[in-house]
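Hi,

Here is the structure I promised to pass on. Have a look at it first, then read my notes below.

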Amino acid sequence: MANISYIDGLYCNIVDAKISINDRGYHFGDAVYEVILYNNGKFYDYDGHITRLYNSLKLININFHLSKQQLKIIIKNLFKLNRVNFGSIYIQVSRGVADRNHSYFGLNSKPILTMIVSKKKNNISDHIKGVKAITIFDNRWSRPDIKTTQLLPNVLAKTHANEKNAYEGIFIDYEGYVTEGSSSNIWIINNDNEILTREIDGKILSGITRKTIAQFAKKNKFKMLEKKFTKDEMLDSKEVFLTSASSFVTPIIEIDNIKIGNGMIGKTSIELRNLYFKNFN
Ligand code: PMP
């Protein structure tokens, strides 16, 4: 088990790690985060995740005091201290500690950086299983493009999916279009063999895995379009898969109890998954 965490300048055992009750991340979800996968000395899409972290900080006006180089040193130290070969790092930056008050106007709080390393079983070469999903109305706020820790609708959607024996809850907007998963981006391969994923239109998170897969698809001469699609188009497609830092490319074989294609894992999903691993190994 990985048990050394990092809190505001200190490396400490996770059981001794303490956050102030007045941390604005705790009170208001006034914090941003990232998750990066680590495999034997290599991070997957490190620069993409770190760039997005600094971008999220900028979008909510958190004045972060550490440079990217300083952050990298701490992250590497944490993996060494924890002796983890395969796992992930959770990075969170909150606006800091202050008396509870909605507004941060004039507040000079110091941002609080926390990091947790999780050890995982390396499942990259395991036989991949397809997963089930359900659809759910997208009732999130109008800035899901910012990666904040305010995740209650996502938490409820994922829990609801798990209660229904499904792996992911797929959000559908009020016009019937797919936005994204509760913790992933969603892709389809339609009956014209086009690979589609919703464009970056402010209604989804700009997934780092999504970006990498889109580049691979284009480079490998797949017909790939960044274009939104409806729930019905998704249910009628040949293949559906999701992407995220911790699930890579995962095929979805059933949605709302309806089989996708022939109900088996599709070959394009597998091809893209393999391309992803090949790139980082
Ligand atoms: N959308 C949401 C809502 C997410 O939480 C995630 C996972 N962080 C993603 C998409 C996928 O993003 P990434 O590929 O950067 O992990």
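**What I found**

Asp 45 is buried, with a relative accessible area of 14%. Buried here means under 20% relative accessible area, exposed means over 50%, and partly exposed is in between, using a 1.4 Å probe and protein chains only. Before you go further, note that this is a predicted model: local features need pLDDT of at least 70, side-chain atom pairs count only at pLDDT 80 or more, and totals for chains, interfaces and linings use all residues. Residues are numbered from 1 along each chain as its sequence is written, and side-chain values use heavy atoms, with hydrogens and water left out.

**Two residues with positive phi**

Back to Asp 45: this residue sits in the loop between strand E4 (42-43) and H2. Helices (H or I, at least four residues) and strands (E, at least two) are DSSP runs, numbered from the N terminus. Asp 45 is not a glycine, yet its phi is positive, at about 55°. Asp 8 also has a positive phi without being glycine, near 45°. You'll find Asp 8 in the loop between strand E1 (4-7) and strand E2 (10-13). Asp 8 is partly exposed, because its relative accessible area is 31%.

**The ligand**

Where does the ligand sit? Look in the largest pocket. For the search, on a 1 Å grid over the protein atoms alone, a pocket is an open set of points with protein on both sides within 12 Å along at least five of seven lines. A molecule sits in a pocket if more than half of its atoms lie within 2 Å of its grid points.

There are 18 residues around the ligand, and the ones that come nearest are Lys 147, Glu 180, Ile 208, Thr 209 and Ala 245. A residue is near a molecule if one of its heavy atoms lies within 4 Å of it. Four elements each give at least two residues to this shell: helix H2 (46-59), strand E9 (178-181), helix H5 (208-219) and strand E13 (239-244).

Now for the polar contacts, meaning pairs of N or O atoms within 3.5 Å; within protein, one must be able to donate a hydrogen and the other to accept it, and residues adjacent in sequence count only if both atoms are side-chain atoms. The side chain of Arg 52 has an N or O atom 2.9 Å from an oxygen atom of the ligand. A polar backbone atom of Ile 208 is 2.9 Å from a ligand oxygen atom. With Ala 245, a backbone N or O atom lies 2.8 Å from an oxygen atom of the ligand. On its own the ligand has 390 Å² of accessible area, and the protein covers 92% of that. Accessible areas come from the Shrake-Rupley method with a 1.4 Å probe; for residues, only the protein chains shown count as cover.

**Trp 187**

Is Trp 187 buried or exposed? Buried, since its relative accessible area is 0%. Not counting residues up to four places away in sequence, Trp 187 touches a list of residues that includes Ile 195, Leu 196, Arg 210, Phe 229, Glu 239 and Thr 243. Contact means heavy atoms within 4.5 Å. With Thr 243 there is also a polar contact, side chain to side chain, at 3.0 Å. Met 234 is 47 residues from Trp 187 in sequence, and their C-alpha atoms are 8.5 Å apart.

**Helix H7**

Thr 268 and Ser 269 both belong to helix H7 (residues 267-280). Thr 268 counts as buried because its relative accessibility is 10%, and Ser 269 counts as buried at 1%. Leaving aside neighbours within four places in sequence, Thr 268 is in contact with Ile 189, Ile 195, Phe 222 and Glu 239. By the same rule, the contacts of Ser 269 include Ile 189, Glu 239 and Pro 251.

**Two places further out**

Asp 232, in helix H6 (residues 231-235), is exposed, with a relative accessible area of 59%. Val 155 lies in helix H4 (residues 152-163) and is partly exposed, at 44%.

Methods. On a 1 Å grid over the protein atoms alone, a cavity is a set of points where a 1.4 Å probe fits but cannot get out, and a pocket is an open set with protein on both sides within 12 Å along at least five of seven lines; lining residues have an atom within 4 Å of a point.
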